[in-house]
Amino acid sequence: HTRAHDHVHRHAGGEILDFVGDGFLAIFPCGRKQKESTEACQMALAGAMEAVSRMETANRERIAKGEAPLGFGLGLHIGNVMFGNVGLADRLSFSVFGSAVNEVTRLEQLTKKFGSPVIASAAFKDYYGGEWVALGNEILRGSDSPMDVYKPAVKDQAFHVVRRDRT
C-alpha cells in the first residue's frame with residue numbers, strides 16, 4: 001500500500017480512514033455545496049487514475065522479473081459518512097460508518113465483474129461530469145435499490161487534477 005496511500009494522502013488531497021485487508025478506505029472531504037463536491041470528485045478520480053498508472057508500472061516491473069501481475073480495483077462514490085473512535089473505554093477503534101461506505105465497498109467489488117480497475121456510482125459521475133461509459137444497473141449487496149455504475153470513458157483522458165500537497 002505504501003505508494004498508493006502515500007499518493008492519496010500527500011498529493012491527491014485524500015485522507016486514509018481505514019485499512020481493510022489488503023486495501024484501504026480513503027475519503028476526499030467536501031462540504032455540501034456543488035463546487036466543493038465537484039472538486040472532491042476531481043481529486044478522487046485524479047488519485048485513482050494515478051494509482052492505475054502506478055500499478056501498470058509496477059506490473060511491468062513484475063512481469064520483467066517473471067512475477068505475476070497484481071490486480072486491484074477502486075470504487076468511487078459520494079455520500080455522507082460518520083467516522084470516529086468507537087468501542088469501550090479500554091478498547092477503542094477508529095472506524096467509518098454509513099451507507100456510502102457499504103456502497104463504495106460493493107462498487108469496488110464490481111471492478112472484477114466489469115474488468116475495469118475503476119468503477120464509479122452515478123452520483124460520483126454526476127458531480128465529476130465528463131465522459132463515462134455506462135456499465136449497467138446493479139443491485140448492490142445489502143441494498144434494495146439498483147445503482148447505475150460507470151467507468152471512465154478513456155483511461156488516458158485529461159482528468160481534472162487538483163493537487164493538495166501535504167508535507
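Hi everyone, this is a short walk through some side-chain contacts in the structure above.

First, some housekeeping. The model is predicted, so local features need pLDDT of at least 70 and side-chain atom pairs count only at pLDDT 80 or more, while totals for chains, interfaces and linings use all residues. Residues are numbered from 1 along each chain as its sequence is written, and side-chain values use heavy atoms, with hydrogens and water left out.

Let's begin with the aromatic rings. The structure holds three aromatic pairs. Rings of Phe, Tyr and Trp (its six-membered ring) pair if their centres lie within 6.5 Å; planes under 30 degrees apart are stacked, over 60 edge-to-face, and the rest tilted. Why is the pair of phenylalanine 124 and tyrosine 128 stacked? Their ring centres are 6.4 Å apart and the planes lie at 5 degrees, so the pair counts as stacked. Phenylalanine 124 also pairs with tryptophan 132: here the centres are 6.1 Å apart and the planes at 85 degrees, so this pair is edge-to-face. Together, Phe124, Tyr128 and Trp132 form one aromatic cluster.

Are these residues buried or exposed? Buried means under 20% relative accessible area, exposed over 50%, and partly exposed in between (1.4 Å probe, protein chains only). Phenylalanine 124 has 2% relative accessibility and counts as buried, and tryptophan 132, at 13%, counts as buried too.

The charged end of lysine 125 sits over the ring of tyrosine 150, 4.9 Å from its centre. For that, NZ of Lys or CZ of Arg must be within 6 Å of the ring centre and within 35 degrees of the ring normal.

Now for the salt bridges, of which the structure holds five. In a salt bridge, a side-chain nitrogen of Lys or Arg is within 4 Å of a carboxyl oxygen of Asp or Glu. One of them joins arginine 54 and glutamate 50, with the closest N and O atoms 2.9 Å apart. These two are four residues apart in helix 2, so about one helical turn separates them. (Helices, H or I with at least four residues, and strands, E with at least two, are DSSP runs numbered from the N terminus.)

Another bridge links glutamate 138 and lysine 113 at 2.8 Å, N to O. Glutamate 138 lies in strand 7 (residues 132-139) and lysine 113 in helix 3 (residues 99-114), so the pair ties together parts 25 residues apart in sequence. Glutamate 138 is buried at 14% relative accessibility, whereas lysine 113 is exposed at 54%.
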